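I opened a notebook page for this structure. My entries follow in the order in which I looked things up.

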Amino acid sequence: MSSSPLSKKRRVSDSETKTGSHCSSSNSVRTELSHTPTNGMAKNGNDAEIDEGLYSRQLYVLGHDAMKRMQSSNILVSGLRGLGVEIAKNVILGGVKSVTLHDQGQAEWRDLSSQFYLREEDLGKNRAEVSQTRLAELNSYVPVVAYTEALTDDYLTQFQVVVLTNSPLEEQQRVGDFCHSNGIKLVIADTRGLFGQLFCDFGEEMLVIDTNGEQPLSAMISMITKDAAGVVTCLDEARHGFENGDSVIFTEVQGMTELNSCQPIEIKTLGPYTFSICDTTGFSDYVRGGIVSQVKMPQKVAFKSLTTSMTEPEFVVTDFAKFERPGQLHLGFQALHSYQRKHIMPINVMLCGVFQADGEELVSLAKEVNSSQTGSAKVDELDDKLIKKLAFVSAGDLAPINAFIGGLAAQEVMKACTGKFMPIMQWLYFDALECLSEEEGGAMLTEEDCAPRNSRYDGQIAVFGSQLQEELAKQRYFLVGAGAIGCELLKNFAMIGLAGGEGEVIVTDMDTIEKSNLNRQFLFRPWDVTKMKSETAAAAVKQMNPSIRITGHQNRVGPETERVYDDDFFESLHGVANALDNVDARMYMDRRCVYYRKPLLESGTLGTKGNVQVVIPFLTESYSSSQDPPEKSIPICTLKNFPNAIEHTLQWARDEFEGLFKQPSENAMQYLTDAKFLERTLKLPGAQPLEVLEAVYKSLVIDCPRSWADCVTWARHHWQCQYSNNIHQLLHNFPPEQLTSSGAPFWSGPKRCPHPLEFSTSNHLHMDYVMSGANLFAQSYGMQGSTDRVGVAKILDSLSVPTFVPRSGVKIHVSDQELQSANVNVDDNRLEELKTLLPGPEASSHFKLTAIDFEKDDDSNFHMDFIVAASNLRAENYNIPPADRHKSKLIAGKIIPAIATTTSAVVGLVCLELIKIVQGHKKVESFKNGFMNLALPFFTFSEPISAPSHKYYEIDWSLWDRFEVKGLQANGEEMTLRQFLDYFKNEHQLEITMLSQGVSMLYSFFMPAAKLKERLLLPMTEIVTKVSKKKLGKHVKALVFELCCNDLTEEDVEVPYVRYTIR
């Protein structure tokens, strides 16, 4: 998924952070929680600096203000089974002030099916104490302590948020009433087999600072009327995107200037480009210009206590196809608590035999609960089947369900601490009953199938029986990527027992671990930085479940590694899981899975948004069947001369970086070391040969520095050119008062009139540009740089910068259409002159040019220093509000905002689909594609789209079908092109009109007769190697041919591709 712009940050007043609103005062925290982490790092708290190197991706989701509020919050997590440890893990990674782990129970076999920080040697030990040391490693800024006594009222007062898991209803009600009365936020989470429950109570008056986490919208204005409800019309470049009830402010309005000083105004949308505001009849007449910007308005929300909310529940629906289920499950979970009270034991019922009676008993208890209801919790008719299924699976403890509910619960903790995003109001129920057998009523599992056997998978066997466990152990899966999603997938794979026997998980990732990964890629630790991700992740999950067979690779997936990931490799797989961060690699893996007919589990996250897609051979469409529209690109002329937003200046700065420190060095070194470079360059279209050679000449002759002072001089002159001279020339061509042919001001609408800058060594931004530019320039020539600003200022003071005089006759294009239609005149004389002026290849030993690749996360390399300075100076030219380093890094670095909570929840859903695949589900309605936005919160699930069906003659086919042709005939000889064409004519009644392999055209009906005559007699593989000019590797077992065909009526027909087997 692509990056989203940074949300506007709002300052929160002190009154918004007191007890009972966002989070309690840190002064109430007891001394046992206020110690410093053992590594000597600063503890979290109100005055703590945020470690942007660690939290950078999360900061783009939450913002600095929310992070600071989290760093003042002490959290209690009670219950350290699989769900509790998942919540604690995500909250600790998030960076709260402290986390206390509470549990009075000892580790049991069934805990190991989802509690990833318990091991077999921990059985019989306290779950909280064992987990504490392992959880504490996740984030050295967050003290983690274990507590094993009862939760008294007095003990609870030190926390801002209390989370209860694996807790009896009486305990929930007691703690819930106390927390509600004392301004402590409460989250209750529970999972029972394939069911999950979540409840939130954040007090009677909570202020939500930002309800959705989206960046505030803005639009440019073309007209404002004077009316009782003034109508604002925006420029028709793009829809304004506002909604009824949004609040907006105005800036830069000319004429009706009263709007510029107005407080936020509530609007009513009238259309995609218009909306109405307040009474404007008393304002001055609108002249031109103006920007309207959305303002996030805080919203107060009120929560009922647990006791009240149980009788008057409000539900967040997770699946609209199961709209009635939350009300039923609300009663079902209460009935489970009644059963446990009655039998003083966890419910442990199966699908048949004597245990059927327990299912009936739970239905009876649910009816009692329902009949006792007086409020809206009462349902007209109880769903007996659903309640029985709840009974049948409730003894189970499943890692994927815990991952999903745990991710959601941890996000609610963060909302409670920060007031960032809309909380769950107030109940959420979830089920994944589709994971059970597709047979009506579920497969008849016996008591023996599901009985505990002192196995780490007992919690899973209780739901699915032992047969699935055996199938999981045999699976051979390919995981592509070991980043955030990859780490979570591996954890779940280890817990469910995937490849726990004769199977294998192969994980590949060519990246090394960086500090910024540690905030969400939870298998890695600070001491793993610079190690390979795949190997480190594999070793980490081996610790969680020693029986998993896993191998780490460091390969990029693509055509270049098809010798490794060849036919034999893919044919041995049961499926593929993608954990990738770019669309190209996803589409490549999708094509491979379609070709080899393997299931694909696809997922992605963007901040609080996440999606899951399951691709099943012969059943669903593939990932590539539907695509997001391409991101809107910025017009070249906007970047070059008419920017109006900080995104434009940042993209311009990135282009500057590439054009100054990467491309020239690459071209110059190619010129010096590649004998054919000049020949290739001269064949380039238009003015490119001249541009490239001029750049090479500048790099090797004109600009080539001899000293550090030369580098400073170059940077200063470049500053003058970009921020003064070029602007003077632009204003010479288009003066501020210029009118268009229609009489309208040229500098209006999206065109902001610039002004040149005057250089000063006392201006920090000017000096930042020169310092970073000079150091990067020095690096590109292999020279030593300097950070001595005083010394650089002295060099600058001694420089003489020539006065610029704008020239007439300089053409500046106003639009991209004008640019494209412009005639390019190439100065052939200058081209010839450059060829003589350039140094010969023998000069290569005198140069050590290095192309610099942009790296956003290293704060010592001057890359972001240059980008921030270059962008903000250009923004100053055009009176565009500047961006700080944090926001600049997001946009220029195309960073994808990320947070551990979303990743955890998404991967939980992925692994539920994996369980269905391993069980062999065949119905498309059994599978679920999902989308969520935890900020809203919003969830939607749908059955995957079936593979689109095509037809030729009476034969139906989809993307999963193909023609299978054996190239080797019975006589041992390979099929010729003539025989191939005849085969399709005789066997399929299809006349091939065109035949291609990749980008190579092998045959067409319009081919010259002589060439056709020659090719018809050649074997197919010989034609392929001849046309593509590439040898076929020994790993290649088959070729893919694309066909264009006519049927017997000579009509074009669409047909599948051909898999042509050669070995």
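Entry 1. E12 (268-269) and E13 (residues 274-276) pair in the antiparallel sense over two bridges. I take strands as DSSP runs of E with at least two residues, and helices as runs of H or I with at least four, numbered from the N terminus; two strands pair if DSSP finds at least two bridges between them.

Entry 2. I noted the basis of the model. It is predicted: local features need pLDDT of at least 70 and side-chain atom pairs count only at pLDDT 80 or more, while totals for chains, interfaces and linings use all residues. Residues are numbered from 1 along each chain as its sequence is written, and side-chain values use heavy atoms, with hydrogens and water left out.

Entry 3. I traced the sheet, which is open and has seven strands in the order E11-E10-E14-E8-E9-E13-E12, with antiparallel pairing. E11 (265-266) and E12 are its edge strands, each pairing on one side only.

Entry 4. I looked at E8 (residues 218-224), which three bridges join to the antiparallel E14 (residues 291-295). Met-220 has Ile-291 in E14 as its bridge partner. Three bridges also pair E8 with E9 (residues 231-234), again antiparallel, and Met-223 stands opposite Thr-233 there. A hairpin of six residues links E8 to E9.

Entry 5. I looked up Cys-637, which an unreviewed UniProt entry annotates as "active site"; such annotations may be inferred rather than shown by experiment. Cys-637 lies in helix H19 (residues 636-640).
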